[in-house]
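We will go stop by stop, picking a few residues at a time.

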Amino acid sequence: MTVCRGWSYFPWMPVDFLSDDETARYGQYCGPPSQVELERMFFLDDADRRLIRACRGSRGRMRTK
């Protein structure tokens, strides 16, 4: 079994199914992120805010004396 020893969450991930070029690039970004990708990762949209509101409640608040 071929194993990729580069950076990865799973350092012993089998890579037999990848080409040599894909194996060399495994665990790396393909290029700089686009503006749209950056905005999606670092800004909250309305759907994100709805999800956050649904998860918030008194059980998640800090108690003060």
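A search of the whole structure turns up four salt bridges. Keep in mind as you look around that this is a predicted model. Side chains of opposite charge can pair when their charged atoms come close, and the first stops show such pairs.

**Stop 1: Arg-40 and its partners**

Select Arg-40, Asp-45 and Asp-48, which are linked in a network of salt bridges. Zoom in on Arg-40 and Asp-48: their closest N and O atoms are 3.0 Å apart in a salt bridge. Now turn to Asp-45, whose side chain meets that of Arg-40 in a salt bridge at 3.7 Å, N to O.

Which of these residues are buried, and which are partly exposed? Arg-40 counts as partly exposed, at 47% relative accessibility. Asp-45 is also partly exposed, with 34%. Asp-48 has 17% relative accessibility and counts as buried, because buried means under 20%.

**Stop 2: the start of H3**

What does the side chain of Asp-45 reach at the start of H3? One of its side-chain oxygens comes to within 3.2 Å of the backbone nitrogen of Ala-47.

**Stop 3: along helix H3**

Next, select residues 46-55, which make up helix H3. How many of the ten residues of H3 are buried? The count is one, and H3 is hardly covered.

Within the helix, pick out Asp-46 and Arg-49. They form a salt bridge, with the closest N and O atoms 3.8 Å apart. An α-helix has 3.6 residues a turn, so residues three or four places apart point the same way. Arg-49 and Asp-46 are three residues apart in H3, and so are separated by about one helical turn.

**Stop 4: a nonpolar patch**

For the last stop, leave the charges behind and select Leu-38, Met-41, Phe-42 and Phe-43. These residues form a nonpolar patch on the surface, and together they have about 510 Å² of accessible area. Where is Leu-38 found? Select residues 35-42 and you have helix H2, which holds Leu-38. Leu-38 counts as partly exposed, at 33% relative accessibility.

Technical notes: Residues are numbered from 1 along each chain as its sequence is written. This is a predicted model: local features need pLDDT of at least 70, side-chain atom pairs count only at pLDDT 80 or more; totals for chains, interfaces and linings use all residues. Side-chain values use heavy atoms; hydrogens and water are left out. Buried means under 20% relative accessible area, exposed over 50%, partly exposed in between (1.4 Å probe, protein chains only). Helices (H or I, at least four residues) and strands (E, at least two) are DSSP runs, numbered from the N terminus. Patches are made of residues with over 30% relative accessible area and no salt bridge: like charges are joined within 9 Å, nonpolar side chains (Val, Leu, Ile, Met, Phe, Trp, Tyr) within 5 Å. Accessible areas come from the Shrake-Rupley method with a 1.4 Å probe; for residues, only the protein chains shown count as cover. A polar contact is a pair of N or O atoms within 3.5 Å; within protein, one must be able to donate a hydrogen and the other to accept it, and residues adjacent in sequence count only if both atoms are side-chain atoms.
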